[in-house]
Amino acid sequence: MRKKLLLTMVIVLLLSGCVEKEVIDDVNLVVAVGFDLTEDGKIRGSANVNTYMKDQPVTDYLMVSESKLSRDVLSEMQKQSPDPIVIGKLQIALFGEKLAKQGLSEIVDTLQRDASIGERLLLAVTRNDANNILEAEFATIGAAKYLTNLILHNKLSRDLPRTNLHLFLYQHYSEGQDPFLPILKKNEQTGSVEIDGIVLMDDKKVVGELPNNKLLFFKVLTDQYTKGSHIVEVPDSEDSAVVKSISSSRKLKVISTNPLKVKIDVKIEGFINEYTGKKITPKIKEQLAKAFEDQVEKESIALIQKFKELKIDPIGIGDELRSKIRTFNIKEWRERIPELAVDVHADVVISETGVID
C-alpha cells in the first residue's frame with residue numbers, strides 16, 4: 001500500500017513538471033476582442049490587451065490585424081507582439097453590425113473550439129464597427145471590465161435577458177430556438193458606451209432588432225426577472241407609479257396541434273416604490289395591476305407577431321412543443337412558425353406598497 005502511494009506521488013510530481021506555465025509579466029492578456037467585416041471582405045480583429053505596472057492601475061492598449069479567416073486573426077496579431085498573446089482571460093467578444101448581418105457562425109465556431117475560452121464569455125453586437133467601441137475611453141476601469149459590468153448589471157437589475165457563449169451556442173444549434181444578443185453603441189456626445197436594444201437572429205445571421213423600450217416584455221417571454229422596475233400609467237389619469245423589484249415566471253401550455261395553438265401564462269410580482277398621486281388606495285393598486293397586465297399582454301402579442309413575420313423563435317416555443325408533443329416534427333418548425341397562434345395571459349401581483357388608505 002505504501003509503495004502504491006509513493007508511486008502515485010512520484011507520477012503526480014512528474015506530471016506537474018510537464019504543465020506549461022505562463023508568467024503574467026511575460027505574456028499579453030487579451031480581455032476583450034472585436035470582429036469587423038472590411039470593405040474587401042476580410043475579417044478585422046481588434047484585441048484589447050491588459051498591461052500591468054507595479055503600483056499602477058491596469059491600462060489597455062489595442063492590437064488590430066486582418067485576415068480572410070477569423071481563426072488566423074490572432075496569428076497575425078502575434079507578429080505585432082513582443083510577448084505571446086494569451087486569450088484565457090477573455091471576457092467579452094464584440095461583433096460589428098455589418099459582420100453580424102452577414103453571419104457569425106464561423107467566428108463563434110472559432111471561439112468555441114478554443115479550450116482556454118470559458119462558456120460564460122459575453123457576446124454582443126455593436127452599432128457600426130466593434131473596433132470603434134473598443135477605442136472608447138474607459139478611464140482606469142478598462143474596456144473589458146466596463147463592458148462586462150454594463151451587460152451584467154442590465155441583466156441582473158434591468159431588462160436585458162441572459163446571454164453568453166454557452167446560451168448562444170445552444171440557441172444557434174437548436175432547431176427550436178433562435179439566438180439574440182445585446183447591441184452596444186458609442187454615445188458620440190459623451191463618448192461613453194451604452195446598451196441600444198438587442199438583435200434578433202435566425203440560425204445564421206441578424207434579421208431584426210428590438211429597441212430598449214421593448215426589452216421588458218421580451219425578457220418576460222424569454223427569461224426570468226429577479227429584479228427590475230417599470231413605470232405604469234394609471235388609466236384615465238395623469239398619475240403613474242414605479243413598480244420595483246419585479247420578479248417573473250412564465251409557463252407554456254399547448255392548446256391544440258391542428259391548428260397549432262399555445263397559451264403563455266406570465267406571472268409578475270413587485271411592489272410600488274413611487275407614486276405621483278396623493279395616496280395609493282386599494283382601488284389605485286388594482287388599477288395599476290390591471291394596466292400592467294394589459295400592457296404586458298398587448299406588447300407580448302405584438303412581439304410574437306414580429307417573430308412570426310421574421311420566421312424566428314427567440315422565445316424557444318419550438319423546443320417546448322417538441323418536449324410536449326410526441327409527434328411534433330422539429331425539422332418543419334421554421335416553416336410552421338407563421339401559422340402559430342399564441343394567447344398571452346398576464347397575472348400581475350403587487351404585493352407591497354407604501355401607506356394605503
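These notebook entries record what I looked up in the structure.

**Basis.** I worked with a predicted model, in which local features need pLDDT of at least 70, side-chain atom pairs count only at pLDDT 80 or more, and totals for chains, interfaces and linings use all residues. Residues are numbered from 1 along each chain as its sequence is written, and side-chain values use heavy atoms, with hydrogens and water left out.

**Entry 1, H4 and H7.** I looked up the packing of helix H4 (residues 105-113) on helix H7 (residues 165-173); their axes come within 11 Å and cross at roughly 130°. Helices (H or I, at least four residues) and strands (E, at least two) are DSSP runs numbered from the N terminus. Axes are lines fitted to C-alpha atoms, for helices over the stretch in contact, and angles run from 0 to 180 degrees between N-to-C directions. H4 and H7 are therefore oblique to each other; angles under 35 degrees count as roughly parallel, over 145 as roughly antiparallel, 65 to 115 as roughly perpendicular and the rest as oblique. I noted the contact (heavy atoms within 4.5 Å): Ser 105, Val 108, Asp 109 and Gln 112 of H4 meet Leu 165, Phe 168, Leu 169, His 172 and Tyr 173 of H7. Five of these residues are nonpolar, three polar and one charged. Here Ala, Val, Leu, Ile, Met, Phe, Trp, Tyr, Cys and Pro count as nonpolar, Asp, Glu, Lys and Arg as charged, and the others, Gly among them, as polar.

I then turned to helix H8 (residues 215-222) and helix H9 (residues 282-310), which pack at about 80° with axes 9 Å apart. These two helices, H8 and H9, are therefore roughly perpendicular to each other. H8 contributes Leu 216, Phe 217, Phe 218, Val 220 and Leu 221 to the contact, and the residues from H9 include Phe 292, Val 296, Leu 303 and Phe 307. I recorded 10 nonpolar, two polar and one charged residues in the contact of H8 with H9.

I found a cis peptide bond joining Asn 258 and Pro 259, with omega about 5°. Pro 259 lies in the loop between strand S11 (240-257) and strand S12 (260-275). Asp 236 has a positive phi of about 55° although it is not a glycine; I located Asp 236 in the loop between strand S10 (229-233) and S11. For reference, most residues other than glycine have a negative phi, and most peptide bonds are trans.
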